[in-house]
Amino acid sequence: MRAIRKKRLGLILLMVAGVAVAVGLTLMALNENINHFYDPTQIKAGEAPDNHIFRVGGMVVDGSVRRNEGDINVEFGLTDYKESVTVRYSGILPDLFREGQGIVALGKLDSEGVFVAEEVLAKHDENYMPPEVADSLKKSASADK
């Protein structure tokens, strides 16, 4: 093999290695920033990861909202009509948050199995439900039959 061909081959191999490293780093960054969705049944079954941020969605259980006097901490139950999980949130809840309403919360499980939310999102009108919550509720309703 001539010297010029060796240089070209080395350059091509170097470019391929550079592209492979760039793709690998991009995929690693995307994997770390993705937020998976779980419903309360999956959380109770142990499918949700520990010490990793994910989303949970369902309906706020009627009569489950508990607030402490004088602070912004709130605790409530979230259900998919099969299982329920307790959600703890410290912050101002959306104006549309209420019992019997579909919500999605972003956060992680603590050691007691309580979901500690960093963000709570409520539906924006009476006809809308987050797609993940609607799918989850449909699955749990069809599993009951």
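1. Helices (H or I, at least four residues) and strands (E, at least two) are DSSP runs, numbered from the N terminus. V114 sits in the loop between two such strands, β6 (102-109) and β7 (115-122).

2. Some ground rules come next. This is a predicted model: local features need pLDDT of at least 70, side-chain atom pairs count only at pLDDT 80 or more, and totals for chains, interfaces and linings use all residues. Residues are numbered from 1 along each chain as its sequence is written, and side-chain values use heavy atoms, with hydrogens and water left out.

3. Look at confidence before detail. pLDDT is the predictor's confidence in each residue, from 0 to 100. The protein has a mean pLDDT of 85. Of its residues, 90% reach 70 or more. Among the elements, strand β5 (residues 84-90) has the highest mean, 94. Helix α3 (residues 131-144) has the lowest, 70. Where pLDDT is low, the predicted coordinates should not be read in detail.

4. Back to V114: is this residue buried or exposed? V114 is buried, because its relative accessible area is 9%. The cut-offs are these: buried means under 20% relative accessible area, exposed over 50%, partly exposed in between (1.4 Å probe, protein chains only). V114 touches T86, R88, K108 and L109, leaving out residues up to four places away in sequence. Contact here means heavy atoms within 4.5 Å. V87 is 27 residues from V114 in sequence, yet their C-alpha atoms are 6.0 Å apart.

5. R88 deserves a careful look. R88 is partly exposed, at 31% relative accessible area. The side chain of R88 meets that of E75 in a salt bridge (3.0 Å, N to O). E75 lies in strand β4 (residues 73-79) and R88 in strand β5, so this pair ties together parts 13 residues apart in sequence. A salt bridge is a side-chain nitrogen of Lys or Arg within 4 Å of a carboxyl oxygen of Asp or Glu.

6. One is D110, in a salt bridge of 3.6 Å, N to O. D110 is in the loop between β6 and β7 and R88 in strand β5, so the pair ties together parts 22 residues apart in sequence. D110 is partly exposed, at 23%. E112 also forms a salt bridge with R88, with the closest N and O atoms 3.9 Å apart. That pair links distant parts of the chain, 24 residues apart: E112 is in the loop between β6 and β7, R88 in strand β5. E112 counts as exposed, at 60% relative accessibility.

7. How many salt bridges does the whole structure hold? The search finds four. R66, E75, R88, D110 and E112 are linked in a network of them.

8. S64 lies in the loop between β2 (54-60) and β3 (66-67). S64 counts as buried because its relative accessibility is 9%. A polar atom of the S64 side chain lies 3.0 Å from the backbone nitrogen of G77. Beyond its neighbours within four places in sequence, S64 is in contact with E75, F76, G77 and E99.

9. Finally, turn to helix α1 (residues 3-33), which holds V23. V23 is partly exposed, at 44% relative accessible area. A29 lies in helix α1 as well. A29 counts as partly exposed, at 35%. A29 and G102 are 73 residues apart along the chain, and their C-alpha atoms are separated by 31 Å.

How values were computed:
Polar contact = N/O pair within 3.5 Å; in protein donor to acceptor, adjacent residues only side chain to side chain.
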